[in-house]
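Student: Can you walk me through this model? I'd like to start with what counts as a contact.

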Amino acid sequence: MWGVLGVLCAVLFLDGLDVSMVGVALPSIGTELGLSTTSLQWIVNGYVLGYGGLLLLGGRTADLLGRRRVFLIALAVFAVASLIGGLVDNGPLLIVTRFVKGLAAAFTAPTALSILTTTFHEGPARNRALSVFSVFGASGYSSGLILGGLLTSFGWRWTFLTPVPLAILALVAGLALIPKDKPADGGGHDLVGAVTLTAGMLLAVYTVVSAPERGWLDPLTIGSILLAVALLAAFLITENRVRHPLIRLGILRIGSIVRANLSVVALFGSYLSFQFMMTLYLQDVLRWSPLKMALALLPAGLIVAFGSPFVGRLIDRYGTSRLILASMASLSLGYVWFIATAGNTPHYAFTVLPTMLLLGGGFAFGFSSIMAQATEGIDDSEQGLASGLVQTSGQVGAALVLAAVTALVAGGTHGGGDFGQFHAGVNLVTAVAVVGLALNVVPLLRRRREPALASS
């Protein structure tokens, strides 16, 4: 069991490593390839949308065809896409390789989580396994910041090539350690649902990014909005009519699962967007080196890496709802502190460092708790669905928030050493976190009020 967990953790470590290394390298990529801020966000969002758009199909495929087979094939595709990404020499091709890597991760991520949740029984054992799982993700993210800073000093391509040998090693270990499982006896794929969901989300993000420059009342903008809405509506209609839907909509009647999916939107959406802004500000505006910038953002990853091992025990004692509430409170407080103290030139020790510590605490409490709540009470046959659903919510939500933040930053006022162009973006991520906090406060207050009403 623990050998299997080791392989799954290695792949999550690789995912965190890849995401943070590329984030550090963005300004260098933009300089060498001549990409604007709007284009740079597609290097992030290309991956995120490929990831989020097909996560549900990935989870469902794992349930139907066998988790081991899907996991290993997707990991091999991830390695090949990483290699090609390190060799291309223009922006559009680089974005395409990031999208393909996202597609591969859309199959490895939910499959890894469903292998974990079916290997470890619900309760203390699964909570401990999820905590260990989270530690490796945070460690990969933290290591990627430092490694990305070092590698970018030699050339940004190394941040794309480094994951290749690591993915190959994980593939060999997976072949040796993950036991074979049988495909499901029945079922089918919902390709129409997968296509309409992915196309609708891609078009929605593109519209949000391009509308400020083109104008919200431009006919092309309005047409894009209507087409995105039509595609997403077609996805919902499809899910109600097909025999084997991508999402069994009945799962959304469970309040705790809905809250977990909305909470992960607040967690990923606000954090990823804030990191994107800080990466651009510290390197492009303050002219910090990639390594110095990476060290500045590192405390958040260290908090997650050292704090996550204890979250499993805290879940056993206090339950997921209270820990998710603590996570949202820590995130909200971090962003509010940044807004209150940043001014036009944020001071690192007084503003940035406390913010990163609070964000790290929020992520440490939130990630494992949200994943546990999103899969509680779900039959093993639908663990891939539940795992894919919560990860889809996080990735698609992050893509939409990042697209909106990018539009605000691109339209902000510029000035030497001035943080002004980023203020609107920070206000938006703060609002996202506060909404996540409110969503988790209300059910707890209602729960406390019910016994009082019953006694009176």
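Tutor: Contact here means heavy atoms within 4.5 Å. Keep in mind that this is a predicted model.

Student: OK. Using that, which residues does Phe 71 touch?
Tutor: Leaving out residues up to four places away in sequence, Phe 71 touches Val 7, Leu 8, Val 11, Thr 108, Thr 111, Ala 112, Ile 115 and Ile 178.

Student: And which residues touch the most other members of the largest nonpolar core?
Tutor: Ile 29, Phe 71, Phe 274 and Met 278 do. That core has 127 residues.

Student: Zooming out, how many helices and strands are there?
Tutor: The protein has 16 helices and 0 strands.

Student: What about overall dimensions? Why call the radius of gyration in agreement with a compact globule?
Tutor: Because a compact globule of 456 residues would have a radius near 23 Å, and the protein has 21 Å. The C-alpha trace spans about 60 × 60 × 50 Å along its principal axes.

Student: How much of it is buried?
Tutor: 56% of the 456 residues count as buried.

Student: And what share of the contacts comes from residues 24 or more positions apart?
Tutor: 84%, among contacts with a separation of 6 or more.

Student: Switching to voids. How many cavities of 30 Å³ or more turn up?
Tutor: A search of the whole structure finds 2. The largest cavity holds about 860 Å³ of space.

Student: What lines the largest cavity?
Tutor: 43 residues, with Asp 15, Gly 16, Val 19, Phe 268 and Gln 395 nearest its centre. Helix H1 (residues 2-33) gives the largest share of that lining, 9 residues. By class, the lining has 30 nonpolar, 11 polar and 2 charged residues.

Student: Now the largest pocket. How much space is in there?
Tutor: About 460 Å³. Its lining has 19 residues, and Leu 197, Phe 235, Ile 247, Leu 389 and Ser 393 are the closest to the centre.

Student: Which elements give two or more residues to that lining?
Tutor: Helix H8 (191-214), helix H9 (219-241), H10 and helix H15 (383-410). H15 supplies the largest share, 6 residues.

Student: How does the pocket lining divide by class?
Tutor: Into 15 nonpolar, 4 polar and no charged residues.

Student: Last one. What's the phi of Arg 287?
Tutor: Near 60°, a positive value in a residue other than glycine. Arg 287 sits in the loop between helix H10 (255-285) and helix H11 (290-307).

Student: Is Arg 287 buried or exposed?
Tutor: Arg 287 is exposed, because its relative accessible area is 66% and the cut-off for exposed is over 50%.

Technical notes: Residues numbered from 1 in each chain as written. Predicted model: local features only at pLDDT ≥ 70, side-chain atom pairs only at ≥ 80, totals over all residues. Heavy atoms only, no water. Helix = DSSP H or I, 4+ residues; strand = E, 2+ residues; numbered from the N terminus. Buried < 20%, exposed > 50% of the residue type's maximum accessible area, 1.4 Å probe, protein only. Core = buried A, V, L, I, M, F, W, Y, C linked by side-chain atoms within 4.5 Å. 1 Å grid on protein atoms, 1.4 Å probe; cavity = no way out; pocket = protein on both sides within 12 Å on 5 of 7 lines; lining within 4 Å. Points joined across faces, edges and corners; volume = space filled by probe spheres on them. Nonpolar A, V, L, I, M, F, W, Y, C, P; charged D, E, K, R; others polar. Rg over C-alpha atoms; globule rule 2.2 N^0.38 Å.
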